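Have a look at the fold below. The notes after it go through the sheet, the helices, the cores and the aromatic rings.

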Amino acid sequence: MIKIMFVCHGNICRSPMAEILFKHIANSKGLQNEFTVSSSATSYEEIGNPIYPPAKRILKENGIPFDEHYAVKLKSEDYDKYDLFIVMDENNLFNIRRIFPADPKNKIRKLLSFDGTNADVSDPYYSGDFNRTYKDILRGVTALTEYFTKRM
């Protein structure tokens, strides 16, 4: 079983959307038993808060089912519990290195590195463009699913 942790700043927009979309795609391909998927934050600001309402709305508008989610903080001890930590942007990459000062097993990657662009996932908290963020995440998790499908 492959254990994946999606990571963003607050764990109320991008990382829970990535977690939910990846699970949805994996389930649609019959891969639900191949992965354990979670998400977390690099900051304490939103801990305990639910998914941001506009993020919920965009998931519902696209027919993506999900359960309630409450923001949690990434911890240093998580490094040994997961196979892959997928961050949304360069800021998250910088912040995760404060939590994991070393990455000896090369577990940390940007989501859009899997589609070959290595671009940042748009941050809707600042842009307000949840549609763009949804499209970025969908592109990334689709590429991530294909990455693993080719290796299984």
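## Helices across the sheet

Helix α5 lies across β1, β2, β3 and β4, and runs at about 160° to β1. Helix α3 (residues 90-99) lies across β1, β3 and β4, at about 170° to β4. Lying across goes by contact, meaning heavy atoms within 4.5 Å. Axes are lines fitted to C-alpha atoms, for helices over the stretch in contact, with angles from 0 to 180 degrees between N-to-C directions. Helices (H or I, at least four residues) and strands (E, at least two) are DSSP runs, numbered from the N terminus.

This is a predicted model: local features need pLDDT of at least 70 and side-chain atom pairs count only at pLDDT 80 or more, while totals for chains, interfaces and linings use all residues. Residues are numbered from 1 along each chain as its sequence is written, and side-chain values use heavy atoms, with hydrogens and water left out.

## The sheet

Four strands make an open, parallel sheet in the order β2-β1-β3-β4; strands pair if DSSP finds at least two bridges between them. At the edges sit β2 and β4 (108-110), each pairing on one side only. From one strand to the next, the twist averages 25°.

Seven bridges join the parallel strands β1 and β2. One of the residues involved is Phe6, whose bridge partner in β2 is Ser39.

## Two cores

The largest nonpolar core has 35 residues, and Phe6, Phe22, Val141 and Leu144 touch the most other members. Elements giving it two or more residues are β1 (2-8), α1, β2 (35-41), α2, β3 (84-87) and α5. A second, separate core of 12 residues includes Met5, Phe85, Val87 and Ile108. A core here is a set of buried Ala, Val, Leu, Ile, Met, Phe, Trp, Tyr and Cys residues joined through side-chain atoms within 4.5 Å.

Over in helix α2 (residues 53-61), Pro54, Ala55, Lys56, Ile58 and Leu59 are buried (under 20% relative accessible area, 1.4 Å probe, protein chains only). The buried residues of α2 pack against α1 (14-28) and α5 (130-151). After α2 comes Gly63, with a positive phi near 70°.

## Rings and charges

Phe6 and Phe22 turn up again in one aromatic cluster, alongside Phe35, Phe114, Tyr147 and Phe148. Rings of Phe, Tyr and Trp (its six-membered ring) pair if their centres lie within 6.5 Å.

Two lysines sit over tyrosine faces: Lys73 over Tyr44, at 4.9 Å from the ring centre, and Lys107 over Tyr79, at 4.3 Å. The rule wants NZ of Lys or CZ of Arg within 6 Å of the ring centre and within 35 degrees of the ring normal.

How values were computed:
Buried < 20%, exposed > 50% of the residue type's maximum accessible area, 1.4 Å probe, protein only. Phe/Tyr/Trp six-rings, centres within 6.5 Å; stacked < 30°, edge-to-face > 60°.
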